[in-house]
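Please open the model in your viewer and follow the stops below in order, selecting each group of residues as it is named.

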Amino acid sequence: MKEPKFVAFSTQKGGAGKTTLTVTVASYLYYCKGLKVLVVDCDYPQYSIDEMRKREKMLLDLSPSFKKTFSDTLVRTKLKPFPVLVCPPEEAMSKVKELVESGDDIDIVFFDLPGTVNNRGVVTVANCMDMIVVPISADKVVLESSLAYALKLQEWLTTSKSQLKGVHMLWNMVDAREKTELYERYERLFDELGLPTMSTKVPDTKKYRREGSETLERAVFRSTIMPPDKALLKGTRLQELAEEFLKVVNL
């Protein structure tokens, strides 16, 4: 039986982009690269990805242009929307195990986790990950919070009970006007602390927030039921991030 990779974009700082990264990377790998993806939304109580899926289902009835784009995508890719499993953290691993053991063909399981390590269920899930990516931005509060979170995860790497295999930092929402020395200085610090940084830097672009609209006829980038629009990919670094991600998790 094939063992899927368990991964999460995770941090305890709200607004760092973990859910957006989960959706866009999962969608790109599934719809564009052909990998079998399962997304587990255990970000209790808001369940943001599940809410996104529900909004998109409503848009299929409310927006003719959105429905046409979806239908065209379905014809082209022959792929139904990837499954989204919704459950509290304490039930996540047992439910995923049931799916895997039932014979579901899965390459990667993405977990959207609550932003805390003070929950037994979250700790259990995090300790089972092949890779946790911690999004960071050039903001003192975000950096301090995310670094503390990453160091806590790193502690688990040294314990015999943890199956967590790796923690990587990821620069997200990068402003091109900011000095590169700032990033280099922090990356040296991360390196000294034993926390590798992914080489891809995700720019701060509104494309990552571009969802379907009931009233506007526009290309969609962030979606659970279709891939990021090809015309919008330029300048997002999503393709580069996805390729680097696959190398890190050995897929």
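Select Asp 104, which is partly exposed at a relative accessible area of 39%, where buried means under 20%, exposed over 50% and partly exposed in between, with a 1.4 Å probe and protein chains only. The model is predicted, so local features need pLDDT of at least 70 and side-chain atom pairs count only at pLDDT 80 or more, while totals for chains, interfaces and linings use all residues. Residues are numbered from 1 along each chain as its sequence is written, and side-chain values use heavy atoms, leaving out hydrogens and water.

Asp 104 lies in the loop between α4 (89–101) and β4 (108–112), helices being DSSP runs of H or I with at least four residues and strands runs of E with at least two, numbered from the N terminus. Its C-alpha atom is separated by 9.8 Å from that of Leu 38, 66 residues apart along the chain.

Next, select α1 (18–32) and α8 (238–248), whose axes come within 10 Å and cross at roughly 80°; the axes are lines fitted to C-alpha atoms over the stretch in contact, and angles run from 0 to 180 degrees between N-to-C directions. Here Leu 21, Thr 24, Val 25, Tyr 28 and Leu 29 in α1 meet residues of α8 including Leu 241 and Phe 245, contact meaning heavy atoms within 4.5 Å.

Finally, show Leu 170, which touches, among others, Phe 9, Leu 21, Val 133, Met 198 and Leu 241, not counting residues up to four places away in sequence.
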